[in-house]
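Please read the following report beside the sequence and the coordinates.

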Amino acid sequence: MGKRRCYCLDDLKAPRCHLNKHLVAVRVLKGEPAELSCTVSKDEVTGTWFKDGLKLTSMDGVFFEKEGLVHKLIINKAEDIHAGKYRFEGGDIKTEASVFVEDPPQVDKVLLKNLSVPTVAKAGQKVKIKIPFEGRLPVRATWLKDRMELVDDTRIRVDKTETFTMLSISSSERKDCGDYKVRLKNDSGVLEINFKLVVTDKPQPPAGPIKIVESTANDITIEWKPPKDDGGKPLQSYIVERQQVGKNDWVTLGETPRSCTTFTTNKVEKDMSYYFRVRAVNAEGTSDALESDEVKAVSKASPGAPDPPEIVSASRDTITISWKAPRKTGSSRIVGYIVQKRKKGTMAWLPVNSVPIADKKLKMTSLKKGLQYEFRVAAVNAAGIGDASEPSQPVFARDSMESPGQVQDLKVSSSDSTSVTLTWKRPEAKDGSDVKGYDVEMRSSNNLNWTKCNALPIEVTTYTVKGLQAKEMYFLRVRALNDSGPGEAAELEACIEAAPPVVSPRLLIDDTVKSLLVIKAGNTIQVNIPFEASPDPVVTWLKDGLPLPNQATINTKDGTTQLLIGAAELTDSGTYTVELQNGLGKREAFSFQVQVTDIPQSPGPIQLEENVPNTVTVTWEPSASEKWENNLYYTVLKRESQKGLWHVVGDLIYTNKFTFTKLIPGRDYYFRVVAKNNLGASGPSESVQPWRIGKPKAEFQVKPQKYRRVNQNQPPRFLVPLKPHVVTTGSECRMSCAVGGHPPPKITWYKDNSDLSNDGTYFCTNDFGVCSLVVLGVTKHDEGEYMVEATNELGRASSKAFLTIKDSTL
């Protein structure tokens, strides 16, 4: 029992008091205790309690107490019957209070604890999450996924009764993963329940295309990218297969661990062509294959010649050169380079390195001071050493004698509250031809000592000085460097601006920003999201939690970030998220859904079958648009001649089957099916041949001469009565019985005492006394008591049975 709440209706201090009408609203949770009290001025005052105008003498769960001047009405455990207007009267004293018993939605705590752990299902499995609840009716239940309300479709259904709500997914898919919320609401309050659903599946195929890293006469090396979706479980490995062009068999070459996305095979023959394919594997299974274009195992080919190497620096005993990779790398990747040198004016090239080096830069020592050298480079691959380059420019092994001149046009190109960016130009040609880099130095206005900003020489003509103080004056200078040391400094002053006020990133979402966009395929997707932040935030866009595809363009400036996709495709459907984050770690995000749709494609071929006598069942192959269109449905039309008008006989059909019962024997029927969605209708798919039920011919009978015989007339009787049936929704139900009597009785069917003779949704037959009632595609509305009545001139007989409908297990 919870702690009892006490409510003071009125505190009366005067010996006499006029009528008091202080109406107090008292709210108490159902099942909780409550107490009303009133204090009077004299002990001899006798009090009386009233509820809704009637005097209270006794009431379940309510009793009265008097402690001195205090009169109390105590409710042990509040129930709905205790709600109402209470009044206390003692002499001329009156005071009132209204008691409201609140009964908000409640869910079992054990269930809430279980839902705190993610629900895991395998793709294709049925998922059913049932949440029983209590609370004052009516309780409104709403299901949301990723902040979007769930609606029923061909896979997902939300059921709700007075005691529970249930989410059913007939065949779970990876797109069902996400954060779900159930919101239970009644007049007393709101309860929100959060849970996560994880659907695991085999991975998607590896991301392509398959690249050919190396192709020689002896082996081929391929490379691919991991799949965009691992199926919700870690990848285990990749399976690599090969097919020779012109043959049908695929040969498994081997497996690679999940961390390796390259594979080399030597099971190839010179000048033969092959296809390769790769599959990803996780605990749920193996993905579909990513297949390569045709690959040919070519003959060996060595690399071409690189461009002549360039001289980076020179001193009396050290020369450094650099070069670029050759344009023609041969039939395999380059593994290194061989460098050679010679004295200018001689013909003999001497090797600098005997083992190929991977770098494209080399520092050479042990040179003779004052001599002039030339250098050349050759690339090396699996086929051997390629052609050598042309010689470099000749260079002397000696120190530079003059320091570089002053840099030109030093200026501030940009600045903010903590940094300054400088730009400059090289010293004039006569002084700057041997510049090897630059140093940037700074000092504040109250400090005479210069501080070097860069640890290594700066190779470009721009540099950003960071970590400065706002509203401070700084002096900056730049020196050019060569082998002889730093040159003359160029100097300037710079004043740092005040830091702007810090504003946490905030998305300015208004009515112009929709949470769901429905775009026709081929149209432009353009979404503008305004925001405010200081300093400028890092803006990140994601689609379904992954980086945006290449066709998407993001433009961010002046407090607005824009998503632009020129021609929307069906694959652009999904959940888009924009995130803002600044240097303080503040994060703001907004998600919206984009659904790209188009007029559906036509359904597949139609088939006509007579599953039940005198009816026709129309079945068709589904439209290819069902793969991406959630709101697709079908309409069935018929006409009764080749040139007649088409009439709709079935609409809003979410399956691929329809049964038409109102057939007239002897007529030709033509059927067509169209697929529809919010944008319109597809082209029709039509039956090829007309459908006809033959009209029975009247049989000529010779009546034999009548003769007297024993009277065989009998009143109706049931040889086999009706039996109760229990079927699931959507299935077919056939209720049968056997009737005897002479003359043959007339058969009439009833449901809940309603005559079914003129109801076209039921199909009745009577074959020599065996009577059947067929219900096609039963629904919950077909549940009830059915009766078959047999009558002839001698009497009447009937038989009853109950049809129970159960929801199909999803």
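The paragraphs below go from aromatic pairs to sheets and then to a pocket.

This is a predicted model, in which local features need pLDDT of at least 70 and side-chain atom pairs count only at pLDDT 80 or more, while totals for chains, interfaces and linings use all residues. Residues are numbered from 1 along each chain as its sequence is written, and side-chain values use heavy atoms, with hydrogens and water left out.

**Aromatic contacts**

Rings of Phe, Tyr and Trp (its six-membered ring) are taken as a pair if their centres lie within 6.5 Å, and planes under 30 degrees apart count as stacked, over 60 as edge-to-face and the rest as tilted. By this rule the count comes to 15 aromatic pairs. One of them joins W541 and F592 edge-to-face, with 6.3 Å centre to centre and 80° between the planes. The pair links distant parts of the chain, since W541 belongs to strand β46 (residues 538-543) and F592 to strand β51 (residues 587-597), 51 residues apart; strands here are DSSP runs of E with at least two residues, numbered from the N terminus. W541 is buried, with a relative accessible area of 6%, and F592 counts as buried at 1% relative accessibility, where buried means under 20% relative accessible area with a 1.4 Å probe and protein chains only. Y762 and Y786 form another edge-to-face aromatic pair, at 6.4 Å centre to centre and 65° between the planes. That pair also links distant parts of the chain, with Y762 in strand β66 (residues 762-767) and Y786 in strand β68 (residues 784-792), 24 residues apart. Y762 is buried at 11% relative accessibility, and Y786 is buried with a relative accessible area of 0%. W541 and F592 also belong to one aromatic cluster together with Y576 and F590.

| Charged residue | Ring | Distance from the ring centre |
|---|---|---|
| R27 | F100 | 4.8 Å |
| R443 | F475 | 4.3 Å |

**Strand pairing**

Two strands pair if DSSP finds at least two bridges between them. An open sheet of 3 strands has the order β11-β15-β14, with antiparallel pairing. Its edge strands are β11 (127-132) and β14 (156-160), each of which pairs on one side only. Between β11 and strand β15 (residues 164-169) the antiparallel pairing extends over 6 bridges, and V127 has I169 in β15 as its bridge partner.

Elsewhere, strand β29 (residues 336-343) is joined to strand β32 (residues 372-381) by 8 bridges in the antiparallel sense, with A378 in β32 as the bridge partner of I338. β29 is also joined by 2 bridges to strand β30 (residues 350-351), again antiparallel, and there K341 stands opposite L350. The hairpin of β29 and β30 has 6 residues between the strands, and in this hairpin G345 takes a positive phi near 95°.

**The second largest pocket**

A pocket is an open set of points on a 1 Å grid over the protein atoms alone where a 1.4 Å probe fits, with protein on both sides within 12 Å along at least five of seven lines, and lining residues have an atom within 4 Å of a point. The second largest pocket is lined by 32 residues, of which T655, K657, G730, G777 and T779 lie nearest its centre. Both β14 and β56 (657-660) supply at least two residues of that lining, and its largest share, 4 residues, comes from β56.

How values were computed:
Buried < 20%, exposed > 50% of the residue type's maximum accessible area, 1.4 Å probe, protein only. Lys NZ or Arg CZ within 6 Å of the ring centre and 35° of its normal.
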